[in-house]
Amino acid sequence: MVPSVSSLKNLDLTLLAQRLGRLCQQLKVEVTAAESCTGGGIASAITSTAGSSAYFTTGYVTYANAAKTRLLGVPDAILAEHGAVSEEVVKAMVQGACRESGAGLGVAVSGVAGPDGGSAEKPVGTVWIAWGDTAKQQAECFLFPGDRQAVREQAVRQALAGLVARLDAQVKTGKQE
């Protein structure tokens, strides 16, 4: 179960990253991250754990739309129609990251960390996160409170917690999703 936004700040990044590593090794799965507003924070959290190169070999920081297209294959038409902070874009980002890296599971994040850039439709703190692989993706929209740093930290925690939750579910069912 992915934690609620209100309980996120209680999650220790190191413990989340360590749990992710144990699950990846148990299931023999490699993970990847495609990041925009978190600017490499997910990759940094994962690689803070010794031995993480066994299950995390590639991460993408695609802050600009052109990078999302060039590195991950996000179609220009999707970016133009929905904007970078959207379900469609994060799903395309995670799909592209898994395709390009060969990872079996990925996470993608795009959002408005602030303090500027928000709108009535997508206020500061709006973050879309997708988890999945080349075939199947799930996305969720969050509205994180706080300043730029707080929004980014909450997005990193939520991204990692979602990876852990998906791998935990695979362990419990005894199968790969």
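This is a predicted model: local features need pLDDT of at least 70, side-chain atom pairs count only at pLDDT 80 or more; totals for chains, interfaces and linings use all residues.
The axes of helices H1 and H6 come within 9 Å of each other and cross at roughly 30°. This crossing is left-handed.

**Packing of H1 against H6**
- From H1, the residues in contact are Leu-13, Leu-16, Arg-19, Leu-20, Leu-23, Cys-24, Gln-26 and Leu-27.
- Their partners in H6 are Val-156, Arg-157, Leu-160, Ala-161, Leu-163, Val-164, Leu-167, Asp-168, Gln-170 and Val-171.
- Sorted by class, the contact between H1 and H6 comprises 13 nonpolar, two polar and three charged residues.

**Nonpolar cores**
- The largest nonpolar core contains 33 residues, and Leu-20, Ile-42 and Leu-160 have the most contacts inside it.
- At least two residues of this core come from each of helix H1 (13–27), strand S1 (31–35), helix H2 (41–47), strand S3 (105–111), strand S4 (126–132) and helix H6 (148–173).
- H6 provides the largest share of this core, with nine residues.
- Leaving aside residues up to four places away in sequence, Leu-160 touches Leu-13, Leu-16, Leu-20, Ile-42, Ala-45 and Ile-46.
- Another core, of 17 residues, lies apart from the largest one; among its members are Val-89, Val-90, Ala-92 and Ala-97.

**Annotated domain**
- An unreviewed UniProt entry places the feature "domain: CinA C-terminal" at residues 16–164.
- Over residues 16–164, the chain is 44% helix and 20% strand.
- The end C-alpha atoms of residues 16–164 are 7 Å apart.

How values were computed
Residues are numbered from 1 along each chain as its sequence is written. Side-chain values use heavy atoms; hydrogens and water are left out. UniProt positions are given in the numbering used here, feature names are shortened, and annotations may be inferred rather than shown by experiment. Helices (H or I, at least four residues) and strands (E, at least two) are DSSP runs, numbered from the N terminus. A nonpolar core is a set of buried Ala, Val, Leu, Ile, Met, Phe, Trp, Tyr and Cys residues joined through side-chain atoms within 4.5 Å. Buried means under 20% relative accessible area, exposed over 50%, partly exposed in between (1.4 Å probe, protein chains only). Contact means heavy atoms within 4.5 Å. Axes are lines fitted to C-alpha atoms, for helices over the stretch in contact, and angles run from 0 to 180 degrees between N-to-C directions. A crossing is left-handed if the near helix is turned anticlockwise from the far one by less than a right angle, and right-handed if clockwise. Ala, Val, Leu, Ile, Met, Phe, Trp, Tyr, Cys and Pro count as nonpolar, Asp, Glu, Lys and Arg as charged, and the others, Gly among them, as polar.
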